[in-house]
Amino acid sequence: MKNLYPYLIESAEEAARVARGVTAEQLPAPTPCKEFDTRALLNHWILYTSHGLEHRARRTQLPEALTGRDFTDAPDWAEAYAAQLRRAVDAWSEPAVWEGEIDLGGTLLPVPSVVALLLTETVLHGWDVARATGQEFHCSQGLAELILATVGEHAETYRRYEGFAAPVPLPDSASSIERALATSGRDPHWRS
């Protein structure tokens with residue numbers, strides 16, 4: 001908890017900042033995730049990085065009503081996302097929620113591994129949203145290194161299920177976050 005909880009706070013704050021920077025005119029824009037326009041990506045990101053994050057802490061399933069919802073349909077969707085992110089991070093504030101394992105679709109994983117995957121979802125898709133809307137996504141070196149390690153550990157599994165594309169080649173001088181993006185099949189230089 002001591003190592004990962006600060007990254008939950010950091011990534012949630014940055015995700016909320018990026019969401020607040022998205023305009024209604026940008027919702028149909030393309031994203032680095034070819035299968036998603038900005039609206040679809042935002043809905044995926046909001047669902048799994050705020051509601052999913054809270055439900056994993058509570059060990060409950062996401063309600064069906066959330067899975068098909070267009071969160072961006074509400075005029076104050078970015079503020080609602082920020083509030084849900086705060087609730088999600090608060091759900092992880094108790095040491096007891098960091099114990100044991102969490103079921104991820106039939107696979108039990110230690111809590112820190114699940115949190116690392118959720119942080120990866122927040123950061124990678126946060127970067128996607130930021131790039132699609134002409135923004136930058138910022139994260140600390142420690143968080144970038146965690147994302148790089150998590151992406152590296154799970155990249156082949158994600159590729160098997162078409163969650164990641166083939167790695168993008170980068171020079172040796174690339175930063176940790178650029179290497180994490182490239183390993184996940186994203187071009188760190190992508191622009192809308």
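Arg-131 comes out as buried, at 9% relative accessibility (buried means under 20% relative accessible area, exposed over 50% and partly exposed in between, with a 1.4 Å probe and protein chains only). This is a predicted model, so local features need pLDDT of at least 70 and side-chain atom pairs count only at pLDDT 80 or more, while totals for chains, interfaces and linings use all residues. Residues are numbered from 1 along each chain as its sequence is written, and side-chain values use heavy atoms, with hydrogens and water left out.

Glu-136 itself is partly exposed, at 35%. Glu-136 also takes part in a salt bridge with Arg-191, this one at 3.3 Å from N to O. Arg-191 sits in the segment after α7 (176–183) and Glu-136 in the loop between α5 (111–132) and α6 (141–160), so this pair ties together parts 55 residues apart in sequence. (Helices are DSSP runs of H or I with at least four residues, numbered from the N terminus.) Arg-191 is exposed, with a relative accessible area of 53%. Put together, Arg-131, Glu-136 and Arg-191 are linked in a network of salt bridges.

The structure holds 8 salt bridges. Another one of them joins the side chains of Asp-70 and Arg-39, at 3.2 Å from N to O. Here Asp-70 belongs to the loop between α3 (64–67) and α4 (77–91) and Arg-39 to helix α2 (residues 38–58), so the pair ties together parts that lie 31 residues apart in sequence. As for accessibility, Asp-70 is partly exposed at 29%, and Arg-39 is likewise partly exposed at 29%.

That leaves helix α4. With 15 residues, α4 reaches 21 Å from its first C-alpha to its last, close to the 21 Å expected at 1.5 Å a residue (the expected span is 1.5 Å times one less than the number of residues). Its buried residues include Trp-77, Tyr-81, Gln-84, Leu-85 and Val-89, along with several alanines, among them Ala-78 and Ala-88. The buried residues of α4 pack against α1 (5–20) and α2, where contact means heavy atoms within 4.5 Å.

Conventions: Salt bridge = Lys/Arg side-chain N within 4 Å of Asp/Glu carboxyl O. Helix = DSSP H or I, 4+ residues; strand = E, 2+ residues; numbered from the N terminus.
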